[in-house]
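Hi everyone, thanks for making the time. I'd like to walk you through a model I've been looking at, so let me put it up on the screen.

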Amino acid sequence: MRDSTPSEHPFASAYVETKIGMLPSGWDVVSLEELSDPSAPIRYGVVQIGPDTPDGIPIVPIKHINCIDGVVLHRASPEIEAGYAGSRVRGGDVLISVKGTIGAVGVVPKGFEGNIAREIARIRPTSSCDATFLALQLEADDTQRRIDSKVVGTTRLEFSIHAVRDFLVALPPLPEQRAIAALLCTWNTAIQKTEQLIAAKERHYNHELSRLISRGQHPHAHVGTFAEEVSTRNRGGKWRTVALSDIATVWKGQQLNKDAMVADGAYYALNGGIKPSGRTTEWNCEANTITVSEGGNSCGFVSYNRERFWCGGHCYAVTKLAKDVDVHYLFHYLKGKQSRVMALRVGSGLPNIQKSDIEAFPVVLPDLVTQTAIAHYLNALREEIDLLGQSVAALKKQKRGLMQKLLTGQWRLSVQEAATA
């Protein structure tokens, strides 16, 4: 991290009240239109992109607004794109999503040339505004709340082009902008590197998972080198294929009314889906229970619950495991087969997985000693990933706190750092 000492004492001797709150007296409040290059006014992008065209013009969508480098973009034909020449983008342009998903922000990387989708607006800052600083200012929590207040529409939300142009932001002198951006970018770099490390370790975990318990259909084909060594030490433990219902009870949870949800409940409620839907004061499942989402777009998602929780009506709990089954091994096995579990879904409007189908799902089991050894190894890999995830969460929290202080002028960087940034 860059060695920087923010100060509670502002450059100027006073703050002033502005249309967007108290700011240092040396800062300006300007509209996005005022800080935009007059030769490139704020514009929406291409309305109808058309089919993907080899050697066409790359179009940036919302999902890649902050990760344009390293992704394959849809390319519009030159004929279609030519009608939207006014929204073309280049390195240093700031992008903000304005339809559907509102407020996602990105900066176009150097060397990129293309266009943007209709859901995105382009802002090309003048020389008095640092693009990275502006993107950070637009990402800030206070700014996002002000953007939300300008959004219109019910079925399709929109941050209108007129509202974008009139939207006000705080703008310190350019040296201070650059100093703030440089400091906050050190957090971005740390977050990015940690996320890349997590992605690498996720790939390693998935490789090991496949190697140990998910290769092939014949029971003995699932024995990877590590598992073979354990089985050999255990003198010939055999692998067998069983139905999930042969080794556990699949129990469908109980629906929990909304009035039973409380913000400070001691237990989380898992009603299908990937994440808890709320908290409650009651629980109906013990800790260390495997669950499988029963309905909705995420049906078949496998989770391991380390604490007591409420299992909802759209969730299956795998309980009462046989004595020769290690719960952690069974979780990793089902997680490794998650795509096949999800393939059990039926229905189109609201897909779901039938209880009889999940009960019949085949599970390959080695002896208990081998299960436990495999589970310990895979648990260690997952624990390392979880710890890195906690580090990312901490870095993001620190960054948000710094953004709140620096982008509102509550903390000021030293004059020397601002001048040399």
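I'll begin with the whole chain, move on to some of the strands, and end at a loop.

A word on where this comes from: what you see is a predicted model. The protein has 12 helices and 21 strands. Of its 421 residues, 45% are buried. The accessible surface comes to about 21100 Å², and carbon and sulfur atoms account for 52% of that. If you take the contacts between residues at least 6 apart in sequence, 71% of them join residues at least 24 apart.

Reading across it, the order is 14-20-17-18, with antiparallel pairing. Which strands stand at the edges? They are strand 14, residues 249–252, and strand 18, residues 302–305; each has a single partner strand, so one side of each is left without a neighbour in the sheet. From one strand to the next, the twist averages 30°.

Let's look at the pairing of strand 14 with strand 20, which covers residues 315–319: the two are antiparallel and share four bridges.

Next, please find strand 15, residues 267–270. With strand 16, residues 278–280, strand 15 runs antiparallel, and three bridges join them. There, Tyr 268 is partnered by Arg 279. Strand 15 also pairs with strand 19, residues 309–311, but here the two run parallel, again through three bridges. In that pairing, Leu 270 has Cys 311 as its bridge partner.

Last stop, the loop between strand 3 (28–31) and strand 4 (43–44), where we find Ser 39. Is Ser 39 buried or exposed? Exposed means over 50% relative accessible area, and Ser 39 has 63% relative accessibility, so the residue counts as exposed. The side chain of Ser 39 makes a polar contact of 2.8 Å with that of Asp 37. Thr 126 is 87 residues away from Ser 39 along the chain, and their C-alpha atoms are separated by 9.9 Å.

Terms used. Residues numbered from 1 in each chain as written. Predicted model: local features only at pLDDT ≥ 70, side-chain atom pairs only at ≥ 80, totals over all residues. Heavy atoms only, no water. Buried < 20%, exposed > 50% of the residue type's maximum accessible area, 1.4 Å probe, protein only. Contact = heavy atoms within 4.5 Å. Areas by Shrake-Rupley, 256 points an atom, 1.4 Å probe, with all protein chains shown as cover. Pairing = 2+ DSSP bridges. Axes fitted to C-alpha atoms, helices over the stretch in contact; angles between N-to-C directions. Polar contact = N/O pair within 3.5 Å; in protein donor to acceptor, adjacent residues only side chain to side chain.
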